[in-house]
Amino acid sequence: MRPLFLVALVLFAPMSGCLLEAEDSDCLPSQEKNTEGPLRILTYDIAAFSDEMLGEFSCNTGYDIELILADDAGGILELLLQTQQAPQADVAIGLDNTYLQSAIDFGLLAEHDVNTTHVEPSVLERYSGPFAVPFDQGDVCLNYDEREVDGENLTVPTSLWNLTEPAWNGKTVFPSPLTSSPGRAFMAATVSYFENDDDETTDAFDWWQAMFENGATVTTGWTEAYEIHYSGGYGAWVDGHLGDAAMTVSYCHSPGVEAYYSGNWTASTSLLLPGASFHQIEYGGLVNGSGNTEAANAFLTYLLSEEVNRNMPVNNLMQSVLVNATWPEVDGYRYHTDVPALNADLSTERIGEEMEAWLLAWTNAKNEAEA
Amino acid sequence: MNFADSRRPLLGIHPLQWLVLAFVIALGIVPLSLAFTRLWAVTGITPWEAVTQVYELPAAKDALTFAVLEATVSTAFTVAIGLPLAWAFGRYSWRRMRLKRSLLFLPFVTPPIVAAAGFLALLSPGGIVYALGIDLRGETGIIGWMASVTGWEHPGHFIALIAAHVWFNLSLVVRFVEPVVAQLDPQWEEQLRLLPAGQTRLGRIQHLWMPILGPATTVAAAYTFFFSFTSFAMVKWLAPASNTLESLLGEMGGTAGIEGYRVDTSLAVLGIATFQTVMMLLMLALAGRFERKHSQVLSLHHETANRKKHGAAPTAWAWFANGLLVLLLAPLVSVVVASFRVRSTNGALAGSEWTLEGWKRAWSGDFSTVPVYDALANSLTYAALTLVVALPLGYAVASSLVRLRQGGHRRVAGMLDSLCMLPLSMSAVMVGLGMVAGILRWYPDLFSFPYLPVVPHVMLVLPFVIRLLTPAMERIEPKFAEQASLLSLSPFAFWWHSRGSFLVVPATMAGSLCLAFSLGEFGATYLVVRVGSWDSLSIMVDQVGSRPKFDPFVLPTAMALATVLMVVTLMVLTVNERARAWRVRHEV
């Protein structure tokens with residue numbers, strides 16, 4: 001037993017100094033502690049919610065915070081649906097515009113009381129109703145590895161149909177729209193893309209079936225697609241990397257994030273096909289039936305404050321929704337970030353109405369290809 | 001505690017014990033029934049209809065084929081490697097046996113995400129396996145050649161998965177088989193050698209070792225098949241192009257059981273879960289049958305005699321066993337190493353540096369993850385509560401089962417025993433769905449109960465506690481109770497002298513297993529945690545490890561948390577082995 005305790009001592013020893021640092025950094029609340037119980041925030045593991053950011057909110061308002069973590073935007077909606085009879089959270093943060101309408105239609109959200117006048121008008125065009133507040137945004141699009149798509153082995157596609165050609169066999173990976181929010185956003189983009197192309201005989205699901213028949217890989221989440229399969233991203237330095245796909249779904253600013261963390265270097269870039277990207281906006285909203293409304297409104301207001309929202313690109317790797325938002329210039333973040341000229345044209349209402357049918361059609365296309 | 005004087009209206013079992021039995025069985029059946037009822041209501045079709053519809057799904061057919069194949073191969077290799085190891089451990093004396101057994105058992109209670117990270121580190125460039133020229137991950141070199149010659153898709157991933165399953169399940173074979181070898185009366189072998197049938201090694205295997213070790217090996221093989229068949233995280237990380245039924249359920253499970261939303265998913269989950277539950281029940285019934293046979297063989301023999309007679313292991317056996325232990329430790333060591341290593345990139349060039357930053361981050365935590373000491377405190381609290389609840393319940397159930405068997409009601413005991421094992425047959429998705437459905441229906445405020453994760457922990461450890469205590473109770477001679485009854489003892493003193501004192505060590509072993517399982521348990525806790533805000537260490541490892549790794553310190557932080565979890569679990573397992581050593585010394 002003694003050697004084990006020695007091992008434990010060696011492992012824990014380096015951390016003793018950090019404990020003191022954490023204690024030193026504790027702040028004193030400027031207000032009395034709120035007695036209504038903690039503000040329960042249902043979210044996914046949003047990087048923006050740093051210790052400092054949430055700690056400052058608690059210090060300034062007196063509200064304690066309890067985080068309930070889901071996997072992603074889809075997980076948030078599922079938890080809200082499963083616990084609709086007995087809400088477990090006061091505020092939900094992270095539903096995007098592919099899930100928002102479902103949450104509203106199911107009556108999961110309550111009206112908020114947050115001032116959104118300083119939010120970029122184009123963001124509010126997507127949804128400006130009383131049930132949700134936008135807090136970050138980004139464009140979901142295809143990313144490719146410039147070393148693989150070099151014009152010789154593979155050429156840069158000029159149409160999504162190019163990806164169904166033999167040269168691309170087994171070289172694409174997509175997060176599933178059934179389980180991943182970027183996957184769902186891109187699937188929605190393809191619906192719009194093929195509705196607006198010249199060919200009226202085929203639709204998005206014909207393309208998806210052709211993609212599956214051409215060896216496209218489908219993963220449960222964005223992480224597996226980007227880290228394990230995509231050859232152009234940081235996954236190349238992560239254990240277990242396969243690098244078998246030269247193209248994947250991510251954000252148009254992902255190459256900028258890559259550069260930011262790798263000293264202004266990246267092999268990844270975005271594929272800016274007109275209409276083949278999706279402008280994703282993430283929202284926060286009050287959970288219908290929960291009690292702590294005042295605290296929830298205060299938190300959403302704080303999330304939209306200059307000090308928090310302007311820092312979204314660094315803290316949450318997404319763009320701010322405030323007017324005149326820009327990407328940081330440092331380490332090639334802005335240089336490697338692309339802005340699509342034309343995003344998919346889909347209203348939030350239409351997404352809400354048709355998403356289930358699209359998901360079913362996507363599943364059928366996959367089953368047909370595998371049969 | 002003395003039930004001897006109480007009224008026993010039904011099959012010799014006290015009403016209170018029936019109540020406990022009913023509670024334990026309900027703990028398994030209720031969540032499952034609730035999950036099925038909910039899915040049935042949402043889809044509007046019966047489970048059997050769902051099975052026939054799901055059978056049309058290519059993904060489900062592929063998953064079933066893959067699960068059967070990988071589980072069969074995993075079982076064959078686990079037995080082929082585990083049997084000689086168990087034989088060597090049971091037959092010879094070994095230095096630091098307690099530590100060796102603890103290390104051997106560590107993989108079984110290591111959270112799968114930690115194990116997967118350890119294996120990926122070994123298989124990736126910079127890892128030992130890759131350095132040996134075997135590229136199981138990228139499938140180049142000899143593995144790539146194998147794939148192109150045979151047309152077999154991803155042979156490297158399949159081999160990696162089988163290796164991980166063998167690593168995970170090897171301790172099962174040793175746990176079941178080693179005591180049988182150790183307890184075999186050496187005279188049996190000597191006597192057989194004098195007979196014509198025992199002159200050759202083959203003859204001795206046929207006439208001694210196979211009948212003696214067969215039942216224990218079959219039990220271990222059945223459980224190995226069971227755990228490999230339901231593998232989830234290992235498949236997800238090591239064989240990303242394939243699915244088992246369980247991993248398929250895991251992918252779909254989140255949206256299942258919600259009225260008016262993604263009904264197609266509910267239908268698929270209902271069909272797959274029904275099929276898998278039936279298969280699991282059959283397997284468990286089979287394993288239970290073999291296990292009862294096994295416990296009868298165990299009761300015939302004595303400990304230590306073999307080891308004393310054969311002394312230290314010959315060099316070849318020592319190399320084999322110690323070498324295997326080193327191999328078993330390799331994935332865990334890579335986890336520890338990864339906690340101190342961070343990637344450093346300079347343009348296209350990548351390297352690594354040594355750092356304590358991962359440990360510092362793990363220690364301080366952030367707002368979405370509690371500091372490591374808080375997570376550890378949560379984990380230890382859940383584990384302690386699991387122990388406090390599961391041990392008495394397991395004792396009461398084991399006691400009832402033994403009493404039923406001793407009273408001649410073996411069939412009833414067998415049936416109840418199988419029902420108590422139900423939680424093992426359930427998919428984590430169904431446990432989670434059942435719990436959410438049940439809690440919402442009856443007591444929604446329970447979501448605010450800080451110790452809710454203890455419920456699935458108790459459900460999952462109870463079968464193991466019952467399995468440990470039942471054979472120990474069966475070995476207690478009835479004459480002890482007769483002798484104690486002649487003395488004028490208080491009810492507690494009577495219980496202690498006739499039964500309790502003989503169960504101290506098995507109960508200690510069951511207790512430390514409760515702690516170890518609870519510490520490492522991930523699946524069911526995860527599903528409960530999704531509707532609450534409880535951070536245990538195993539959940540934290542997953543949460544941090546699943547973050548996008550643009551930030552190079554994500555992985556070292558996750559691995560630091562995993563290392564803490566491993567060290568604590570190893571300490572708990574060492575207590576278990578101390579208890580076992582005490583039992584051997586005192587011949588309890």
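How far apart do the C-alpha centres of domain 1 of chain A and domain 2 of chain A lie? The separation is 28 Å. The model is predicted: local features require pLDDT of at least 70 and side-chain atom pairs count only at pLDDT 80 or more, whereas totals for chains, interfaces and linings use all residues. Residues are numbered from 1 along each chain as its sequence is written, with chains lettered from A and ligands numbered from 1 in the order in which they are written.

Chain A contains 14 helices and ten strands, where helices (H or I, at least four residues) and strands (E, at least two) are DSSP runs numbered from the N terminus. Of the 371 residues in chain A, 54% are buried; a residue is termed buried if 20 or more other C-beta atoms, placed from the backbone, lie within 10 Å of its own. Two residues are in contact if their C-beta atoms, placed from the backbone, lie within 7 Å. Among contacts in chain A between residues at least 6 apart in sequence, 78% join residues at least 24 apart.

Domain 1 of chain A comprises 31-138 + 280-315, and domain 2 comprises 140-278 + 336-370, the bounds being taken from an automatic or database domain assignment. To their contact, domain 1 of chain A contributes 14 residues and domain 2 of chain A 15 residues. On the domain 1 side, helix H4 (73-82) and helix H5 (100-105) of chain A each supply at least two residues, and H5(A) gives the most, with four residues.

Helix H14 of chain A (residues 348-370) has 23 residues. From first to last C-alpha, H14(A) reaches 32 Å, close to the 33 Å expected at 1.5 Å a residue, the expected span being 1.5 Å times one less than the number of residues. A bend of about 55 degrees occurs in H14(A) at Glu354(A), defined as the angle between axes fitted to the seven residues ending there and the seven starting there. Among the buried residues of H14(A) are Ile351(A), Met355(A) and Trp362(A).

A nonpolar core is a set of buried Ala, Val, Leu, Ile, Met, Phe, Trp, Tyr and Cys residues joined through C-beta atoms within 7 Å. The largest has 177 residues, and those with the most contacts inside it are Val177(B) and Leu561(B). Helix H8 of chain B (residues 155-183) gives the most to this core, with 19 residues. Beyond its neighbours within four places in sequence, Val177(B) is in contact with Leu83(B), Ala86(B), Leu213(B), Ala216(B), Thr217(B) and Ala220(B).

Key: Buried ≥ 20, exposed ≤ 12 C-beta atoms within 10 Å, placed from the backbone.
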